[in-house]
Amino acid sequence: MFTSYHILAVAGHRDATPTFDHEEQLVADTLRSRGIPFQAFAMKQLHRRQLGFGQASSTAQKGSTTEDGSGSSELPVAVAPFVFGDLDCVTTTMKCLNMPPRQVLLSCYPPQLEDLLHRKVWRSTLREFLTASDAPDVFVKPLERQKLFTGFVAKRSGSGSWMGQLSNMRGSEPIFCSEAVEWLSEFRVYVLTGRGIIAMDCYSGDAAAYPLDQAVVDEAVGRCSDDAAFPVAFALDFGVMRRRPHDCKTTPQEEQLAVEVTALVEANDALGLGAYDGISAPSYTDMVLARWAQLLEERSMPLSKKD
């Protein structure tokens, strides 16, 4: 499928036994079990464009080691490489392949599933958010640079530390905002087109007390799988949300009217996807291999802009 395989190492990329983070270790173990050799590399090599991705020449770069422990100091340039690492690694590799990440990666709030959000979600900028007067509590997360900060609920009452953190960032930074809601349980649903749901894992809350409405999940997965614009591998985070009327107020009378609904937390592209305990190493690897193959296949095609 690929001309070479490369996995981001957190340490020892020049050694015969490099150290990997959790997701990278899952992929490394699977490739090893399938007899597929791979090379470990350091992030600085990718940032310095030392791996030659996207080039067709035969120049070699130094600083990586092969899985078989041969201690080779050269990494051959690959025309169709499989490159795996965290989100920074994924987006940097995309830039090397001349593929703008925002036009490729799945939006966390895809329009195909807007009706399953069950809350208001809108786009804004940090400047607009910070200068809003009399605004309610809002969940905030980056729209483009996902690693800029971790999404959180900004409480307007009191003096939250988030105000100073966000004030130091550029005001034009685009962000997603959504109504702050109460999640009773949250699950990650892993999907691979052609195989459907390959794993499901509760990562927050009480799964037994607040199970998902499986019919809602199945309908959403089918909707996405049938859409040619959707990635071939992705994860949908669903949760059981407690909805209250009138902007989520919590008076005793309104508390009695609260309802529990299965809602979409967010969608996740298989590229840079975190793996919880509920998915096996082979299944997770199948997802990222399929998604990366799709990415390379579409490399020479015109890109349609995605939100």
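Reply: First, a definition: buried means under 20% relative accessible area, exposed means over 50%, and partly exposed lies in between (1.4 Å probe, protein chains only). This is a predicted model, where local features need pLDDT of at least 70, side-chain atom pairs count only at pLDDT 80 or more, and totals for chains, interfaces and linings use all residues. Residues are numbered from 1 along each chain as its sequence is written, and side-chain values use heavy atoms, with hydrogens and water left out.

A salt bridge here is a side-chain nitrogen of Lys or Arg within 4 Å of a carboxyl oxygen of Asp or Glu. The structure has 10 of them.

Take R242 and E260. Their closest N and O atoms are 3.5 Å apart. The pair links distant parts of the chain, 18 residues apart: R242 is in strand β13 (residues 233-243) and E260 in strand β14 (residues 259-269). Helices (H or I, at least four residues) and strands (E, at least two) are DSSP runs, numbered from the N terminus. R242 is buried at 17% relative accessible area. E260 is partly exposed at 47%.

Strand β14 also holds D269, which pairs with R291 of helix α10 (residues 281-297), so parts 22 residues apart in sequence are tied together. Here the closest N and O atoms are 2.9 Å apart. Both R291 and D269 are buried. Salt bridges with shared partners also join R34, R195 and D286 into one network.

Now helix α1 (residues 22-33). R32 and D29 sit three residues apart there, about one helical turn. Their side chains form a salt bridge at 2.9 Å, N to O. R32 is partly exposed at 39% relative accessibility. D29 is partly exposed too, at 35%.
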